Amino acid sequence: MSRRATVIGLTALAPVSWGSTYAVTTEFLPPDRPLFTGLMRALPAGLALLALTRSLPRGAWWWRSAVLGALNIGAFFPLLFLAAYRLPGGVAAVVGSVGPLFVVGLAALLLGERSAARSLLAAIAAAFGVSLVVLKAGAAFDPVGVAAGLAAAASMAAGTVLTKRWGRPEGVGPLAMVGWQLSAGGLLIAPVALLVEGAPPALDGRGVAGYAYLALANTAVSYWLWLRGVERLPATSVTLLGSLSPLTAAVIGWAALGQALGPVQLAGMALALGATLAGQWAPRPPFSSAEAKSEKVSMDLTNTAVRR
């Protein structure tokens, strides 16, 4: 397996993990607490990573981390949950699946990535495939929910592109960067959650287990894998992997929650997967300086490990 294929495979684990969020939330967590859930996903994981890496931002990276934390976590989580609560799950997933189209435009504007027609068609086909999988007949389109879903997709797209544009500081690993962003985003969510939802709810063992899974596997590890992928892959390519999240949710719903998958859903799943794969093997643009630095650091670490 090529190194590029390995990076794609590891990065894909992040949206696959995110696809389990709906099932964990509905089966393990207290109802009607979207902001508290977003807070518990972000802040404990961020603080744990800060303690583990013992690294804090310096200079311009204080405000850059705050911006990335707001886009990828602090704004994204509340908008995502608002859309999920005001829209049927299928509609929310379809609205969110337009994220790659936002990335195409922002990557061209901020990174100079000129996406080929193949990449643009792959993004459209993936969104259409997701709609076949999750969209139900007679689904309601609440304007506030749709606006929140589009804003969430745009926020995550902007965070992805800026992460690629800024890279990361010399000598700082991706795990520390994830800790900075999760902590900043969690601190933004905390006062809003307290004002809107009040005191935290009482938790039983299932709730503790659910929040532990969301904070560790679903957030800390998944965002680390996602950030590594953003650094090493073209922005449009990596964001197309996000289509795996609603597809995973549909599979979990079928396997664990007794939800049906008919011929139309299976055809949509095949289309979305095919489009996602096609987007990964589109012609790769030259390395940016951040990508080149990331590749050099990775090669240095590999060589050191071999010598040992």
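Tutor: One definition to begin: contact means heavy atoms within 4.5 Å. With that cut-off, take the contacts in the chain between residues at least 6 apart in sequence: 90% of them join residues at least 24 apart.

Student: What kind of model is it, and what are the ground rules?

Tutor: It is a predicted model, where local features need pLDDT of at least 70, side-chain atom pairs count only at pLDDT 80 or more, and totals for chains, interfaces and linings use all residues. Residues are numbered from 1 along each chain as its sequence is written, and side-chain values use heavy atoms, with hydrogens and water left out.

Student: How many helices and strands does the chain have?

Tutor: There are 15 helices and zero strands. Both are DSSP runs numbered from the N terminus: helices are H or I with at least four residues, strands E with at least two.

Student: What share of the residues counts as buried?

Tutor: 50% of the 308 residues. Buried means under 20% relative accessible area, exposed over 50%, and partly exposed in between, using a 1.4 Å probe and protein chains only.

Student: And what does the accessible surface come to?

Tutor: About 14300 Å², with 71% belonging to carbon and sulfur atoms. The areas come from the Shrake-Rupley method with a 1.4 Å probe; for residues, only the protein chains shown count as cover.

Student: Now packing. At what angle do α7 and α9 pack?

Tutor: About 35 degrees, with the axes 9 Å apart; α7 is residues 99-111 and α9 is residues 143-166. Axes are lines fitted to C-alpha atoms, for helices over the stretch in contact, and angles run from 0 to 180 degrees between N-to-C directions.

Student: Which residues of α7 and α9 make the contact?

Tutor: On α7, they include F102, V103 and L106; on α9, A153, A157 and V161 are among them. By class, the contact has 13 nonpolar, one polar and two charged residues. Here Ala, Val, Leu, Ile, Met, Phe, Trp, Tyr, Cys and Pro count as nonpolar, Asp, Glu, Lys and Arg as charged, and the others, Gly among them, as polar.

Student: How do α3 and α10 pack?

Tutor: At about 145 degrees, with axes 7 Å apart. The residues of that contact divide into 22 nonpolar, six polar and one charged.

Student: Where does F36 lie?

Tutor: In α3, residues 34-53. F36 counts as buried because its relative accessibility is 8%. Leaving out residues up to four places away in sequence, F36 touches A193, E197, P200, P201 and Y211. Its C-alpha is 7.8 Å from that of A190, 154 residues apart along the chain.

Student: Why does R54 count as exposed?

Tutor: R54 counts as exposed because its relative accessibility is 77%. R54 lies in the loop between α3 and α4. Its phi is near 50 degrees, a positive value in a residue other than glycine.

Student: Is T239 buried or exposed?

Tutor: Buried, with a relative accessible area of 9%. T239 is found in α12, residues 235-240. Beyond residues up to four places away in sequence, T239 touches G99, P100, V103 and W226. V103 also belongs to the contact of α7 with α9.

Student: Last one. What does the side chain of T248 reach?

Tutor: The backbone oxygen of L244, at 2.7 Å. T248 is in α13, residues 244-256. At 15% relative accessibility, T248 counts as buried. T248 also touches V16 and G19, again not counting residues up to four places away in sequence.

Methods:
Polar contact = N/O pair within 3.5 Å; in protein donor to acceptor, adjacent residues only side chain to side chain.
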